[in-house]
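Here is a short tour for anyone meeting this structure for the first time. Have a look at the sequence and the fold, then read on.

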Amino acid sequence: RQALESSELQAWLMPQVDLASNLLQGYEALVRWPQPDGQLSTLENIRDLARSGQLAEALDGEMLRQSIAALQQLQAPLSVAVNLSAETLARPEAVEQVQRWLEQAGVAPHRLHLEITETALLRLSSDVSATIQRLSALGVRWVVDGFGAGYSSISHLRDLPIHGLKLDGSFIAGVRNGDQKSLRLAQALAGLAESLGLDTVAEGIESLAEATSLRELGWRCGQGLYFGKAAPLSHWQTNHL
């Protein structure tokens, strides 16, 4: 709570790259908490702490605010993706808040990509569904995070304004290990996305071989340590891919 109030939590950016052209497409915002000893608390630690202290909505709001501020400084058409919790999306004022920040920053809404996990779709309430629809109407783009690892209904891809799918990192581990089922499933999911006209991102890529395999399987964009780990905006403004 004190870290949130004193703006110690920071949105660091991890690049997302087109696998065919190797051109930068945008970033995913990941929360980092720099410590006095120079160490970093990473996403999982902070998310767990926020949930246990009923601060998930406050954390989401801070990451959204910082991500939109980053978009203001990044050259169009680069995008920034932010993962939001169902608790945040259920808030009636969420749409107006996002719209206000985008307008104040002068940022085109389509450059903001909001991610919702596949497992969160299992508990999709009418309030969350309405928020997704209203933000999409503004031009904000929606991505299903961790796709393929949960049990969400395919009908969500039909009924909700979803613009993209992010392949769960467990499939990348399977590709890395040469697991044929993982390879075939990754290819099938890419085919599903293509048939629906959805953008695709594969996360967790750690080598050129993995990037090449995912591209050949039909995935358009990738992110992971091979392309660069999460870093402050200032790093990417002086160190180009």
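What follows goes through some strands, some salt bridges, a pocket and a cavity. Keep in mind that this is a predicted model.

Let's start with strand E8, which covers residues 199–203. Is it enclosed or open? Four of its five residues are buried, so E8 is largely enclosed by the rest of the structure.

E8 pairs with two other strands that we can look at here. Strand E7 (residues 164–167) runs parallel to E8, and four bridges connect them. If you want a spot to look at, find Leu165, which sits opposite Thr200 of E8. Then there's strand E9 (residues 221–223), also parallel to E8 and joined to it by three bridges. Here Ala202 has Gly222 in E9 as its bridge partner. To get from E8 to E9, the chain passes through helix H11 (residues 208–216), making a right-handed β-α-β crossover.

**Salt bridges**

How many salt bridges does the structure hold? The count is 12. Three of them are set out below.

| Salt bridge | N to O distance | Relative accessibility |
|---|---|---|
| Glu28 – Lys166 | 2.9 Å | Glu28 6%, Lys166 0% |
| Asp159 – Arg158 | 2.7 Å | Asp159 44%, Arg158 63% |
| Asp199 – Arg220 | 3.9 Å | Asp199 30%, Arg220 34% |

Take the bridge between Glu28 and Lys166. It links distant parts of the chain, with Glu28 in strand E2 and Lys166 in strand E7, 138 residues apart. Are these two buried or exposed? Buried is anything under 20% relative accessible area, so Glu28 at 6% counts as buried, and so does Lys166 at 0%.

The bridge between Asp159 and Arg158 has another setting. Asp159 is partly exposed at 44% relative accessibility, while Arg158 counts as exposed at 63%.

Arg220 lies in the loop between H11 and E9, and Asp199 is in strand E8, so the pair ties together parts that are 21 residues apart in sequence. Arg220 is partly exposed at 34% relative accessibility, and Asp199 is partly exposed at 30%. These two also belong to a network of salt bridges that links Asp18, Arg141, Asp199 and Arg220.

**The second largest pocket**

Asp199 and Arg220 turn up again here: along with Gln25, Ser79 and His113, they lie nearest the centre of the second largest pocket, which has 23 lining residues. The space in this pocket is about 350 Å³. Strands E2, E4, E5, E6, E7 and E8 each give two or more residues to its lining. By class, that lining has nine nonpolar, nine polar and five charged residues.

**A cavity**

How many cavities of 30 Å³ or more does the structure hold? There is one. The largest cavity has about 50 Å³ of space, and its lining includes Gly61, Leu64, Leu84, Thr88 and Arg91. Helices H3 (56–73), H4 (86–89) and H5 (94–105) are the elements that give two or more residues to this lining. Which helix gives the largest share? That would be H5, with three residues. Sorted by class, the lining of the largest cavity has six nonpolar, three polar and one charged residue.

Note on methods:
Residues are numbered from 1 along each chain as its sequence is written. This is a predicted model: local features need pLDDT of at least 70, side-chain atom pairs count only at pLDDT 80 or more; totals for chains, interfaces and linings use all residues. Side-chain values use heavy atoms; hydrogens and water are left out. Buried means under 20% relative accessible area, exposed over 50%, partly exposed in between (1.4 Å probe, protein chains only). Two strands pair if DSSP finds at least two bridges between them. A crossover is right-handed if, with the strands pointing away from the viewer, the path from the first strand over the helix to the second runs clockwise. On a 1 Å grid over the protein atoms alone, a cavity is a set of points where a 1.4 Å probe fits but cannot get out, and a pocket is an open set with protein on both sides within 12 Å along at least five of seven lines; lining residues have an atom within 4 Å of a point. Grid points are joined across faces, edges and corners, and a volume is the space filled by probe spheres set on the points. Ala, Val, Leu, Ile, Met, Phe, Trp, Tyr, Cys and Pro count as nonpolar, Asp, Glu, Lys and Arg as charged, and the others, Gly among them, as polar. A salt bridge is a side-chain nitrogen of Lys or Arg within 4 Å of a carboxyl oxygen of Asp or Glu.
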